[in-house]
Amino acid sequence: MTEPEHMKGAPSKSGLKMMSRATYFREAMLKNIFLVCAVLAVAAVALIFIFTTARGWGVIKDPGLAAFLGGTEWSSSLGRFGILPLVVGTLAITFGALMLGAPLAIGTAVFLSEIASPRMRAIVRPAVEMLAGVPSVVYGFFGLVMLRPIVAELTGGMGFGTLTASVILAVMIVPTISTLTEDALGSVPPGIREASYAMGATTWQTIYKVLLPAAKIGIIDAIILGMGRAIGETMAVVMVAGNAPQFFKGLGAPIATITSQIVIDMSYATGTHKTALFGLAIILLLMSMGLVALVRALSRLNAKKA
Amino acid sequence: MALTGCAGGVERREVVVTGSTTLLPITEVAGEMYSEHNEGVSILVSGMGSSAGIESVTTGSSDIGTSSRELKGAESELGLVDTPVAYDAIAVIVHPDNPVRDLTMAEVRAIFSGVITNWSEVGGPDLPIGLVNRDEASGTREAFSKIMMDGVPFDRGAVVLPGTGQVRSVIADVEGAIGYISLGFVTDEVAAVAIDGVEPSEASVVAGTYSVQRVLHFFTRDDVSDVAREYMSYVLSPDIQDTIVREAGFIPITAKEESGD
């Protein structure tokens, strides 16, 4: 078979594919465009990290690493920038959100993956996915107007604080955890599920004794990513947490988080205060990097086991 | 040096206004309205704090320095001309169902520093006090701290809300709550308490008997430009005083003359 004349000029090392020069250039260009996209994404992360680190690096000198990481008081007017109360606040609210949100999300995922009829699934799944699309300011507003009075009634305070923020965040992280958990359950080989039923196990026994353990690492991944979402959430937290930079004093007492303090302070911060805010941003970045690293390590573990 | 504007040979003139962020709602809006009415005039407004305003009018980098405080120390010997623009009074507010309607300054200080934590300690019902504070960027917080707190730090456990409207709506909603907002923003949803027996009102502020107040100033050099002088008298005109100044929650400086003092 002789090749058409116009295809001859196309370079092809393998010789498997012959293409016209025009096609070759188009392909090469597309490859490069996608490469540029990937490079830009990586560059954005790198730039944010470099910029934040450069601006926040000064905390080592002023107020000093010990006063910054170990300080128990955050007050810009007094010039004290100790992040411990904020870190404790972030962890308390995140922990509360996971305690409430993770079981809810995993339950939803089990329902969607194992129990729901296709029709039911067609209703529930889009509803859960829609939770992820609700803007956080709407969650915050809902929390402020609907949830805060209820919490105030329960705790006897004003309703601003850890409990309100945790409940709102719990709802916000449900779609993240439930979608990923459903994926994890879906990737359990069907043979395992069928074997369990064939042994006479009930649906509950199959879920509890077979599926959840088999999908364990995927579910932990899901929870960690939900945790990342909770740690970074800002707007909804600012609206309901009460933003008092004090140590955890009970579920109904106002509290501040790293993100809420940054957003409250950033409009007027100067000098050391501004550096300290960038320092807080570094802490946040390190936290989420740690979580991503944890997820990657777990996935590798999972891959090795499989 | 006169630059010609594109609208046909109108002289371009500038007024640089620098200083207190508290005054921004007045200076900015009045500035926009003034340049709309006066072709070729631009009013450049920035908020960097009262001290920076006084500093920049002294060095000549701005025409008008705005300040939410009086001149202090060496500043009073710089020969600056003081033009009071508005009163800023702060009302201490509680829930309308709260029977406490009169507090001394010392009691308010004790409440906001966390020493008094129950309404029964100030003659009210046995109800825990819910403290609402503003964020540290707030000019109202700064003024309240200076006038009322006298160096005593705020209770760090107070709820911090980043806006006047939020403070008001939370206090309207929570029976034991107490907070403070500019007098101009007090509505029927909340009740303002008397301080040392004096109810906050325009009359008591103007008379000087209500103590939680301050005067907002324009400071200028004595060689102030004509256009800056015109802008200042525009800000002091009823057009601005009765609209923009009131809408920003302040009391017009002209209220004093009206009350016959």
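Visitor: How much space lies in the largest pocket?
Guide: This is a predicted model, so heads up: local features need pLDDT of at least 70, side-chain atom pairs count only at pLDDT 80 or more, totals for chains, interfaces and linings use all residues, and side-chain values use heavy atoms without hydrogens or water. Residues are numbered from 1 along each chain as its sequence is written, with chains lettered from A and ligands numbered from 1 in the order written. A pocket is an open set of points on a 1 Å grid over the protein atoms alone, where a 1.4 Å probe fits, with protein on both sides within 12 Å along at least five of seven lines. Counting the space filled by probe spheres set on points joined across faces, edges and corners, the largest pocket holds about 1,000 Å³.

Visitor: Which element gives the most to the lining of the largest pocket?
Guide: The lining (residues with an atom within 4 Å of a point) has 44 residues, with Ser77(A), Glu136(B), Ala137(B), Arg141(B) and Glu142(B) nearest the centre. Using DSSP runs numbered from the N terminus (helices H or I, at least four residues; strands E, at least two), β1 (74-75) and α11 (258-265) of chain A plus α2 (50-59) and α4 (139-149) of chain B each supply at least two residues. The top giver, with 5 residues, is α4(B).

Visitor: Which residue forms a salt bridge with Arg246(B)?
Guide: A salt bridge takes a side-chain nitrogen of Lys or Arg within 4 Å of a carboxyl oxygen of Asp or Glu. The count between the two domains of chain B is 1. With its closest N and O atoms 2.8 Å apart, Arg246(B) pairs up with Glu202(B).

Visitor: How many salt bridges are there between chain A and chain B?
Guide: The contact takes 19 residues from chain A and 18 from chain B, burying about 1,500 Å². Arg148(A) and Asp173(B) meet in a salt bridge at 2.5 Å, N to O. The count between the chains is 2.

Visitor: What gives the largest share of the lining of the second largest pocket?
Guide: This pocket has a volume of about 620 Å³. Of its 28 lining residues, Gly156(A), Gly157(A), Met158(A), Ile129(B) and Gly130(B) are closest to its centre. Two or more residues come from each of α5 (136-155) of chain A and β6 (130-134) of chain B. The largest share, 4 residues, comes from α5(A).

Key: Contact means heavy atoms within 4.5 Å. Buried area is the accessible area (1.4 Å probe) that two parts lose on being put together, summed over both.
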